[in-house]
Amino acid sequence: MKILYPFVAVLGLIVIATIGSRAGMEPLFGIVFPYLAILIFLGGFINKVVGWAKSPVPFRIPTTCGQANSLPWIEQACFDNPSTSFGVTVRMFLEVFLFRSLFRNTQADVYDGPKLRYGSSKYLWLFGLLFHYAFLVIVLRHIRLFADPIPFFVKILEFFDGFLQIGLPHLYQSDLVIVGAITLLLLRRLLLTNVRYISLPADYFPLFLILAIALSGMTMRYLTRADVVNIKQLAVGLATFKPVIVGDLGTVFYVHLFLVCTLLVYFPFSKLMHMGGVFMSPTRNLANNSRMVRHINPWNDPNLKPHSYASYEDEFREFMVEAGIPVDKELPAETPAAE
Amino acid sequence: MYDKGKVLTGLAIFVAIVTFPVWYDLVHAQHVPKLEKPTLSKKCVADIAYMRTSHMVLLDNWRNEVVREEKRKLIDVEGKPYAKSLQMGCMKCHPDRKKFCDECHTYASVDPFCWDCHFQPKKEAN
Ligand code: HEM
C-alpha cells in the first residue's frame, strides 16, 4: 500500500493531463498551471525558510564529527568540527556539493554469534549524488527552452553532456544517469528490508514523480518527439509574461509539464525542502565555538539575575542542612537551642 | 527572525536564480525563427508536422539506407525526383542553411555536426 498509493497517484496525474490537454484545456495546462505552480513554489519556499529562521537556536548544536578545537598540541578536525566561519563555509560547501554526511552512512547488521557489526554503506551517497547532478544538468539545459538567445553555459553543458554523439537526436548522458540513479534509489528502498520498513508514501511519491517526469521528457526527445520550436515560443512567452500556444504541442508535452507543475507545488510542503533545509540546519551551519564565545539565550528574561550555586546555598542552607543534604559552607556555629 | 541579513540574502539569490529566464529575457531581444519559404515545390518530403519534429530521424534513416544499404533510389515529391541526400536533397529546396535550418537551430540551441563534412550550397561561390 505504501508503494501502491503514490504509484497510482502519479498515474492519475498522467491521466488528468492527458484528458485535460485532449479536451481543449491547453491554456489551463500550458499557461495557468505553470504560473500557479511557480507562485506556490516560490511563496511556499520563502514561507518555509522564514518560518525556520524565526525559530531561535540559542546554543551551538553542530554535529561534531571529529576532534574539537582544544589544546594547541591536539590536532583539530577543522572541517568536521569547525570552530571558525571559514571552517563552517568549507563544511557547508562539502555538504552541499559532495553530500559528505551521506558518505558517512553506516549499515548495522547482525551476523552469527550473534554479533553486531557496522560497515560502511555508500549506496545512498553514490546514487544520491548521481541523481542530483544529473537533475541539475538537465534543469540547467532546459534553460534553452526559456532563454532566447541561448546563454553560454547551456551550450557548454550541452556539448559535454552529448559529446558521445549517439543517435539522432543525439543522446544526453545525463538522461541515462538520472533514470538509472532513480531506479537504483527506488530499488534500495524496495530491496533493503530495513530501509523498506521505514519508507513512507512520501518517500516513494517524489521518486515516482521525478521518474515519470524524466521518462516523459525522454519520450518526447527520443520517441514521439515534440515541436521544440513551438514549445520554446510558449516557454519564452511564459518568461516574458506574453504566453502564446502555437500549434499542437503534443500530449506528452502537457503530461511532462503537468508533472513538473505538480512537483513544484508539492516541493515546499514535502521532504524535498531539504534543498533549503540544508542551509538552515543548525547542526551544520554553526561553528563549534561554545568555549570561546558566550552564547546568550535570546529569550532569557533580563530581569532574572544569574543565580549562582553559592547564592542558592545561601538562600536554602538551613533547609538543606535540615534535610541532610551536604553543603559547602556549614551553618554558622550556633549555640544549640535549649530543649 | 534571526540572522535576518543572511537569510534574506540567501532567499534573494534563490529567487533570482529561479526567475533567471524572466530577467534574462528582459534584457535580451527575442528572435522568433522566420523560415525562408522554398520556391521549388509546395510540399516537403514528408508532412510538415512530421518534418518539424522528426526531420533528424528522417535524415538518419536516409543516411543509413544510402551509406549502409546502398538504397540510393530517388524520392518523389510532386512528380519530381530528389536525391535521398542532405546536401543534394534537402538543400535543393532549402538552399540557404542560414535562413532555414539555422533559424530554428540557433533558436532551439541545436548544433548538428553534419556540416563538419557535408557541404552547403554556396551562392557566393559562383
Ligand atoms: C523538474 C524539472 C524538469 C525535469 C527533471 C525534466 C526532465 C526532462 C528530461 C530528462 C528530458 C529528456 C531530454 C533532455 O534531457 O533534455 C526532458 C525533455 C523535455 N522537457 Fe523537461 N524536465 C523538467 C521541466 C520541464 C519544463 C518546465 C518544461 C516546459 C517547457 C519542459 C519541457 C521539455 C521538453 C519540450 C523536452 C523535449 C526536449 C527535446 O525534444 O529535446 N521540461 N525533460
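Predicted model: local features only at pLDDT ≥ 70, side-chain atom pairs only at ≥ 80, totals over all residues.
**The ligand and its shell**

The ligand has 22 residues around it, and the nearest of them are A:R141, A:H142, A:R144, A:D175 and A:H256. By residue type, the shell around the ligand consists of 15 nonpolar, three polar and four charged residues.

The table gives the residue and the distance for each.

| Residue | Side-chain atom | Ligand atom | Distance |
|---|---|---|---|
| A:R141 | polar atom | oxygen | 2.8 Å |
| A:D175 | N or O atom | oxygen | 2.5 Å |
| A:R221 | polar atom | oxygen | 2.9 Å |

Five elements of chain A give two or more residues each to the shell around the ligand: α5 (123–141), α6 (143–146), α10 (201–223), α11 (228–239) and α12 (251–266). Among these, α10(A) gives the most, with six residues.

**The interface of chain A and chain B**

The contact between the two chains involves 40 residues from chain A and 34 residues from chain B. About 3,200 Å² is buried between chain A and chain B, and carbon and sulfur atoms give 69% of this area. On the side of chain A, the residues that lose the most area to chain B are A:D148, A:L168 and A:R225; together they account for 20% of what that side buries.

Polar contacts between chain A and chain B number 12 residue pairs, with both residues at pLDDT 80 or more. Two salt bridges are found across the interface. In a salt bridge between A:D227 and B:R52, the N to O distance between the side chains is 2.6 Å.

Which elements of chain A each supply at least two residues of the side that touches chain B? They are α2 (26–54), α6, α7 (152–161), α11 and α13 (274–280). The largest share of that side comes from α2(A), with nine residues. The side of chain A that touches chain B is made up of 27 nonpolar, five polar and eight charged residues.

Conventions:
Residues numbered from 1 in each chain as written. Chains lettered and ligands numbered in written order. Heavy atoms only, no water. Near = heavy atom within 4 Å. Polar contact = N/O pair within 3.5 Å; in protein donor to acceptor, adjacent residues only side chain to side chain. Helix = DSSP H or I, 4+ residues; strand = E, 2+ residues; numbered from the N terminus. Nonpolar A, V, L, I, M, F, W, Y, C, P; charged D, E, K, R; others polar. Contact = heavy atoms within 4.5 Å. Buried area = accessible area lost by both parts, 1.4 Å probe. Salt bridge = Lys/Arg side-chain N within 4 Å of Asp/Glu carboxyl O.
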